[in-house]
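Hello,

Here is the structure I promised to pass on. Have a look at it first, and then read my notes below.

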Amino acid sequence: MLSRILKQRWLLVLGLVLLMATLTGCTSHNQTMTTDDLLQGNFWQKNVVYWFALMLDTFADWFGGEYGLSILLLTIIVRTLILPLTLKQYRSSKAMQAIQPELEKLRKKHKENPQLLQQETMKLFQQNQVNPMAGCLPMIVQMPVFIALYNAIYMNSAIREHQFLWLELGQKDPYHILPIIAAITTFVQTKMMQSQQKTTMPGMQAMLLIFPVMIFVMALSFPAALPLYWIFSNLYTIVQNYFLYVRPSKRKESVPAK
């Protein structure tokens, strides 16, 4: 049933947050290393963090040493690579909208039998090739990137000590500007998607409000480079959602009814 799906999404979000906290908590913040030193580290450092640090170094060289712009380019590359998953999420969302009338009929028909309602709902999803968890795929893919970026910052002193705008990338934003922007952009991009839904799943409004607050609280304790990456990612998503959701909706509204 939909309530179970929503619960699974919440558990996924919380699980990913705990995973990120666990992995990042294992990093020593006092290390003075270069990107090449990561090749002497453990499996994670040699095979994942090294390549992120190398990309950030390379992109920074292209931009005259600006690691802030390097993070922007990395964000664009990551989000473009996971675009097929995002399009899959979009198609699943449209398919979910299309079967809403049938879902409503099932709710009325089996309202006294939750177990049968759940079985019939999942059968309807399968028949229409709807994956309610498709919306979580981009998040799942981005979490290792987020963790690797965290490690790349703290293990590479060149990135950790770099100044970008008013920020030192390895330190928290002293004015809390990035956490606020990260929360606002998270709210906007989530709201854009939900505004296109014909019906609202129970609990989704709560997620709309709570998720930006979670991002804000986490961003307060992270080095500035991470909320900076999150903001760049959100801005990419907002532009993407405009072309996927908002613009097609406006075109439909502008077509005169026959």
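**What I found**

By exposed I mean over 50% relative accessible area, by buried under 20%, and by partly exposed anything in between (1.4 Å probe, protein chains only). Leu165 sits in the loop that joins strand 1 to strand 2 (167-168), and has a positive phi of about 55° although it is not a glycine.

Before going further, please keep in mind that this is a predicted model, in which local features need pLDDT of at least 70 and side-chain atom pairs count only at pLDDT 80 or more, while totals for chains, interfaces and linings use all residues. Residues are numbered from 1 along each chain as its sequence is written, and side-chain values use heavy atoms, with hydrogens and water left out.

**Overall layout**

The protein has 11 helices and two strands. Both kinds of element are DSSP runs numbered from the N terminus: helices are H or I with at least four residues, strands are E with at least two. Read from the N terminus, the order is α-α-α-α-α-α-α-α-β-β-α-α-α. Of the 258 residues, 45% count as buried. Among contacts with a separation of 6 or more, 73% are between residues 24 or more positions apart; contact here means heavy atoms within 4.5 Å.

**Around the strands**

Gln163 belongs to strand 1 (residues 163-164) and is partly exposed, with a relative accessible area of 46%. Not counting residues up to four places away in sequence, Gln163 touches Glu66 and Glu168. Gly68 is 95 residues from Gln163 along the chain, yet their C-alpha atoms are separated by 8.4 Å.

**The cores**

Which residues have the most contacts inside the largest nonpolar core? They are Leu56 and Ile71, in a core of 41 residues. A nonpolar core is a set of buried Ala, Val, Leu, Ile, Met, Phe, Trp, Tyr and Cys residues joined through side-chain atoms within 4.5 Å. At least two residues of this core come from each of helix 2 (43-62), helix 3, helix 7 (137-155), helix 9 (177-194), helix 10 (204-221) and helix 11 (225-254). Helix 7 gives the largest share, 10 residues. Apart from this core lies another, of nine residues, including Ala95, Ile99, Leu106 and Phe125.

Leaving aside neighbours within four places in sequence, Ile71 is in contact with Leu56, Leu169, Ala225, Leu228, Tyr229 and Phe232.

Two further buried residues are worth a look. Asn234, in helix 11, is buried with a relative accessible area of 3%. Beyond its neighbours within four places in sequence, Asn234 is in contact with Ala182, Thr185, Thr186 and Gln189. Leu38, in the loop between helix 1 (2-25) and helix 2, is buried with a relative accessible area of 0%. Leu38 and Tyr50 are 12 residues apart in sequence, and their C-alpha atoms are 5.6 Å apart.

**Two helix pairs**

The axes of helix 5 (residues 100-109) and helix 6 (residues 114-127) come within 10 Å and cross at roughly 165°. Axes are lines fitted to C-alpha atoms, for helices over the stretch in contact, and angles run from 0 to 180 degrees between N-to-C directions. Helix 5 and helix 6 are therefore roughly antiparallel, the word for angles over 145 degrees; under 35 counts as roughly parallel, 65 to 115 as roughly perpendicular and the rest as oblique. On the helix 5 side, Glu102, Leu103, Leu106 and Arg107 meet Leu117, Glu120, Thr121, Leu124 and Phe125 of helix 6. By class, this contact has five nonpolar, one polar and three charged residues. Ala, Val, Leu, Ile, Met, Phe, Trp, Tyr, Cys and Pro count as nonpolar, Asp, Glu, Lys and Arg as charged, and the others, Gly among them, as polar.

Helix 3 (residues 67-81) and helix 4 (residues 83-98) pack at about 50°, with their axes 4 Å apart, and are therefore oblique to each other. Arg79, Thr80 and Leu81 of helix 3 make this contact with Leu83, Pro84 and Thr86 of helix 4.

Best wishes
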